[in-house]
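Hi,

Here is the structure I said I would pass on. Have a look at it first, and my notes follow below.

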Amino acid sequence: KGAFKAGALTIERFRLGDATSQLVGSAALAADAQSASVRLTIGDVSRFSTLFGRQLAGRLELEGKATASLRKGDYAVSFDGAAADLALGKGVLAGLVGTSMQLAGDVAGDAAGGLALRNFKATGKNLSLAAKGRYAQNAIELDHTMEVGDLAAVQPGLTGAAKLAVVVRGTPAKLSSKVRVSTRDATWSGKAIAGLAFDFDGTGPLTAHAGRAELKGRVGRQPLAGSAQVTLGRGGLFSAQDVSVKIGRNTMTGHLRFAAGATPSGKLVVKAGHLADLDAILGQSISGALTGDVEIFGDKASPSLRVNAEAPVIAFAGSTLKRLKAAAVLRDFTGKMNGRASVTLAELASTTSTARKLSLDLRDREGRMAFAAAGRINGALMRVDGSFQQQGNGVDVTVDRVDLKHGRLRVKLVERAQFGFADGSLRIRRLRLAAGGGQLALDGDASGDALNLEARIERVPATIANAFVPDLGLGGTVSG
């Protein structure tokens with residue numbers, strides 16, 4: 001509904017939409033000035049689930065006003081609204097936003113390409129955003145804050161609040177930036193986090209913005225400190241040189257470089273001679289020592305990863321590891337992983353069992369990763385050979401050999417077995433084990449909400465359990 005008079009068009013009311021969503025408003029359009037007022041209602045935001053990559057639910061109402069002069073090139077837009085009855089699926093976003101969110105702000109621009117953002121605010125259950133700034137050919141200003149009222153919404157085990165503050169000043173060719181992340185009344189696994197803060201001071205254009213990053217604070221009784229020379233550049237470049245992180249008496253040093261379309265590179269060296277200093281960070285008791293390094297190298301087509309680690313003794317969660325050695329070179333680790341790895345462990349002991357002379361060897365075999373695992377578990381000699389290959393978002397595993405010896409008892413694989421792991425489900429095909437004159441067969445599928453397994457047991461000696469649980473003393477056979 002509207003009218004055209006004296007060169008001006010007045011629209012008293014317009015409406016676009018369907019049964020659940022609509023845009024209602026009015027407008028006045030003249031040669032020198034234009035204005036509009038609108039109200040947007042989206043009764044069901046689930047239609048945007050694909051766009052955001054998650055299942056959404058709820059409704060959104062937003063009011064806006066706009067004024068402009070097309071002749072002069074100026075415009076101004078303000079908006080105010082809310083989203084209610086939100087369901088954002090599982091994850092951090094749902095915990096931060098909750099079931100409702102308030103939005104407000106205004107934006108203005110001019111013919112020279114200048115842009116001003118004033119009083120933008122977004123507020124949810126545990127999240128508060130605020131921003132203001134302006135952009136022009138010869139000046140950039142930005143002030144942005146984000147506050148999280150309850151860190152438990154981000155990570156279980158965390159409590160307290162956190163704040164991010166960003167200040168940017170300068171010109172496109174010469175910018176200065178200050179970024180600070182701080183916490184308030186925070187704890188991790190019941191340990192107090194005191195004075196934890198991350199700071200970055202950068203200078204230079206967006207295509208080569210560089211500065212010093214520093215981390216400091218205390219978790220429990222252990223001091224935490226870190227620093228690096230960081231560069232952010234064209235093509236998604238991220239470079240961190242002179243990386244140094246110290247937790248108590250443990251250190252990590254090195255350098256890293258990432259860029260879109262290029263091979264990541266870098267090396268990190270870990271010297272953790274006092275693992276007990278990591279109790280508060282890990283949230284559980286640990287002791288012992290560990291040294292090692294991780295190196296990324298290679299080319300764009302086949303990025304490679306080299307890992308080395310040694311630990312004389314590590315004790316954690318009621319278990320003790322002795323003389324751990326690990327070495328691996330993995331090629332194309334972002335795609336179909338291949339390469340070689342070797343892990344040996346002199347002893348793994350817990351309150352219920354002891355394993356000695358453990359070894360795991362991985363190597364390429366016709367496009368698959370072959371594995372060979374061996375060791376002595378509570379006196380029983382065990383060997384398992386096979387291979388695995390990544391398939392989509394899952395892994396297919398083939399087991400070629402199972403050989404277990406415990407006293408006079410021997411368990412062997414009758415034929416090649418197949419296993420599949422994908423999306424939290426397990427597939428078992430043709431698992432056949434011969435044990436002391438008997439046999440065990442298992443086929444089927446299992447997932448978090450369904451179990452469909454078929455097991456056949458024929459005269460299997462119950463003494464098999466004695467190999468895994470000491471002093472059980474079982475005898476006889478089992479069928480079923």
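**What I found**

Leu117 is partly exposed at a relative accessible area of 27% (buried is under 20%, exposed over 50%, partly exposed in between, with a 1.4 Å probe and protein chains only). Before I go on: this is a predicted model, where local features need pLDDT of at least 70 and side-chain atom pairs count only at pLDDT 80 or more, while totals for chains, interfaces and linings use all residues. Numbering runs from 1 along each chain as its sequence is written, and side-chain values use heavy atoms, with hydrogens and water left out.

Back to Leu117, which sits in strand β8 (residues 115-123); strands here are DSSP runs of E, at least two residues, numbered from the N terminus. Leaving aside residues up to four places away in sequence, Leu117 touches Asp106, Val107, Ala131, Lys132 and Gly133 (contact means heavy atoms within 4.5 Å).

One of those contacts, Asp106, also meets the side chain of Arg118 in a salt bridge, at 2.9 Å from N to O (the rule is a side-chain nitrogen of Lys or Arg within 4 Å of a carboxyl oxygen of Asp or Glu). That pair links strand β8, where Arg118 lies, to Asp106 in strand β7 (residues 101-109), 12 residues apart. Asp106 is buried at 16%, and Arg118 is partly exposed at 39%.

The salt bridge count comes to 27. Among them is Glu63 with Arg39, at 2.2 Å from N to O; Glu63 is in strand β5 (residues 57-69) and Arg39 in strand β4 (residues 34-42), 24 residues apart. Further along, Arg383, Asp385, Arg401, Asp403 and Arg410 are linked in a salt-bridge network.

What about aromatics? The count is 1 aromatic pair (ring centres of Phe, Tyr or the six-membered ring of Trp within 6.5 Å; planes under 30 degrees apart are stacked, over 60 edge-to-face, the rest tilted). The centres of the Phe79 and Phe120 rings are 6.4 Å apart and their planes are at 55 degrees, so the pair is tilted. Phe79 lies in strand β6 (residues 74-87) and Phe120 in strand β8, so the pair ties together parts that are 41 residues apart in sequence. Phe79 is partly exposed at 25%, and Phe120 is partly exposed at 23%.

Finally, Tyr135 belongs to strand β9 (residues 127-136) and is partly exposed at 41%.

Cheers

Methods:
Helices (H or I, at least four residues) and strands (E, at least two) are DSSP runs, numbered from the N terminus.
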